[in-house]
Amino acid sequence: MFARKRLFHDAPMTVQDAPMTVQKCAGRKYALIAAFLLAAQPLIAANVGGVVRDGSATPLEAMVVAAYNADGTLQATGKTDFLGRYGLDLPAGDYRVLAYDLSGLYATSFDGNADSFNTSPIVSLTANQSRLIDFILVPGGSVSGRVTLQGAPLRDSAVEIYNLSGTQRGFTFTDVNGLYSLVAPPGEYKLIAYHNSGLYSSQFYSGRQTFDTADKVVVTARGTVQNVNFDLQPAASLVGSVDDPAGQPVSGIRIFAFTPEADEAGSTLTNGGGQYTLSLPAGAYRLVATDQQGVYATAYLGNSTSFEKSPLVTVTGGELRSGLSFTVSPGTRLSGRVVDSVTSAALPVITVGAYNLDGTQRVSARTSADGSYSLVLPPGSFKLIAYDESGVYATAFHEGQITFHASTIVAASQDAPLFADFALVRSAHIRGTVFEDGSTRQAPGVLVAAYTLDGIMAGSSEADAAGRYGLVVTPGTYKLLAFDPRLRYATSYLGNALTFEVSPARTLEMGQIAAIDFSVRRGTRVSGNITDPSGAQVSGVEIYALTPDGDRIVTTEGLGGRFDLVVLPGTYIFAAQDPVGRFTTVYYQNARALREASPVTVSSMPNATLHFVVEPVTRRRSARH
């Protein structure tokens, strides 16, 4: 996507009207010379011909039809006659064919009505073969503007126009005044401008850094969109290298730069010495090294195990940042198919991800039209997930599990490839709105979650600015609750239940859409710290707020020795428990059992503070408390 290779122009600056031919001569001498010249020409092996028409089937005269080889090199062009007919003589080989209008009234048309050169079909021609390819040209609209460098006109800058799918529709270059103009068929597009020198940062319209955030440009037939302008800035240069575990440089590795929101900002390939230079606008980026040949596993900067754990690289305009190196390891190929659990039909465009055991994603791939996928894993242990971004199918874990917690661990090594198939079931949906208690005010940012009956989260959805949420789950029985990661509202259970244990369960069938609203009340924040007997901060310990009878109301995990949770005013028992059994369970004020615990009364005043001291376990426990 967003390849920089020059394949074609919407309106080429120079086009050969027809292949050169030998002129007829009256004299015998010149006729012999002409015959010799003709014999020296390459033998014509094949022909592509057809008719170019407009949308009303009227033949179009003087339209140009061009054939390119697969890498985008022009091989032959020809113009249509008054009947719209054309013919191209070509050697045997593989070609892509397109038609365009030099006057710019009609938009370029690709063979097969494709939306780009790269997605148009490849035509394979053998000796003496003829192929019929007709074209329909539609009236185009123009997009024009100026490219500047900090306000000054910038000549020879490339301006590319992309379909919303990310395929390139066409491109052009700016003139001495920084001006450009492009022609495209009616539709919605995104544009990018950049300079091949790499000295200036590329920019999407209007002033955007990534394709996903770029503003759309709407083109209408015979319409004109003006002032689609770009003002480039000095680029930051990120310089580094890629080596294998033995320290040998690896060429052909693609280095991607992503924004913290995971939008692609740019990419480049390592050279023969394993080195790369990436020009980017000022900003913060995460870098990823991928091998498109599938020999090496994806690597993250700083030997991180996931995208979200990799370091942010922050650069300013004109800055040179060097030493950004990667080590890529030969990987294990994981492949399989994703099908419908009932019909066994192949499911395309399903994402299959390999996750680290801490829940962070290591790498992912999408299934092709036949439901197959392939990705490369580094040595290690992973859990596998298949999910449908459209929400039609429920998320599935390896070997038919429905939660990450219960899914099977897969060990990857370089000894043998791995195989994992998935059968997805059609999902159940839960939709609704989260309101503030006793009002019609929406509560954006609240998470609505579905839990299995044993307390494992099976899915969650964040309420949008209008308080609406949409939750997709595997058909089954769940308990539902709403909690606020911003710590404004107390956790709310279905049916206004006080605790998880007494909240009602809902059974959801395949394809069912359940409408469930939640009402949340503003609560009181309870904060505190968790240390061991030496005073060292402890992470990963869970803090529970319980009823006096020991039923769970809310749980949070302590990070960096700190915790925060929200409850309604009332009386509670608080406990600290380590889910992995490193420390003994302790109740507030060092009680060792529920019956010994001191109740804590939480008022409407904010910021109650609690302190827990957890002691290391002195013997191995066979089960959790």
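Mentor: One term before we start: a residue counts as buried under 20% relative accessible area, exposed over 50%, and partly exposed in between. And keep in mind that this is a predicted model.

Trainee: Got it. Where does K216 fall, then, buried or exposed or partly exposed?

Mentor: K216 has a relative accessible area of 48%, so it's partly exposed. Its salt-bridge partner is E188, with the closest N and O atoms 3.9 Å apart.

Trainee: Which parts of the chain does that pair tie together?

Mentor: E188 sits in strand 15 (residues 187-194), while K216 is in the loop between strand 16 and strand 17, so the bridge links parts that are 28 residues apart in sequence. E188 is partly exposed as well, at 38%.

Trainee: How many salt bridges are there in the whole structure?

Mentor: A search turns up 16. One of them joins D484 and R488, 3.0 Å apart at the closest N and O atoms. D484 has a relative accessibility of 6%, so it counts as buried.

Trainee: Which residues are linked in a network of salt bridges?

Mentor: E436, R441 and R522. Within that group, the side chains of E436 and R441 meet at 3.1 Å, N to O. E436 comes out at 11% relative accessibility, so that one is buried too.

Trainee: Switching topic: which peptide bond is cis?

Mentor: Look at the one from Y205 to S206, where omega is near -10 degrees. S206 is in the loop between strand 16 (203-204) and strand 17 (217-219). For context, most peptide bonds are trans, and most residues other than glycine have a negative phi.

Trainee: And what about A57, positive or negative phi?

Mentor: Positive, about 75 degrees, even though A57 isn't a glycine. You'll find A57 in the loop between strand 1 (46-54) and strand 2 (64-69), and it's partly exposed at 46%. N590 also has a positive phi, about 65 degrees, and isn't a glycine. N590 lies in the loop between strand 52 (586-587) and strand 53 (600-602), partly exposed at 45%.

Trainee: In what sense do strand 47 and strand 54 pair, parallel or antiparallel?

Mentor: Parallel, over 6 bridges, with strand 47 covering residues 524-531. To get your bearings there, find I530: it stands opposite F612 in strand 54.

Terms used
Residues numbered from 1 in each chain as written. Predicted model: local features only at pLDDT ≥ 70, side-chain atom pairs only at ≥ 80, totals over all residues. Heavy atoms only, no water. Pairing = 2+ DSSP bridges. Helix = DSSP H or I, 4+ residues; strand = E, 2+ residues; numbered from the N terminus. Buried < 20%, exposed > 50% of the residue type's maximum accessible area, 1.4 Å probe, protein only. Salt bridge = Lys/Arg side-chain N within 4 Å of Asp/Glu carboxyl O.
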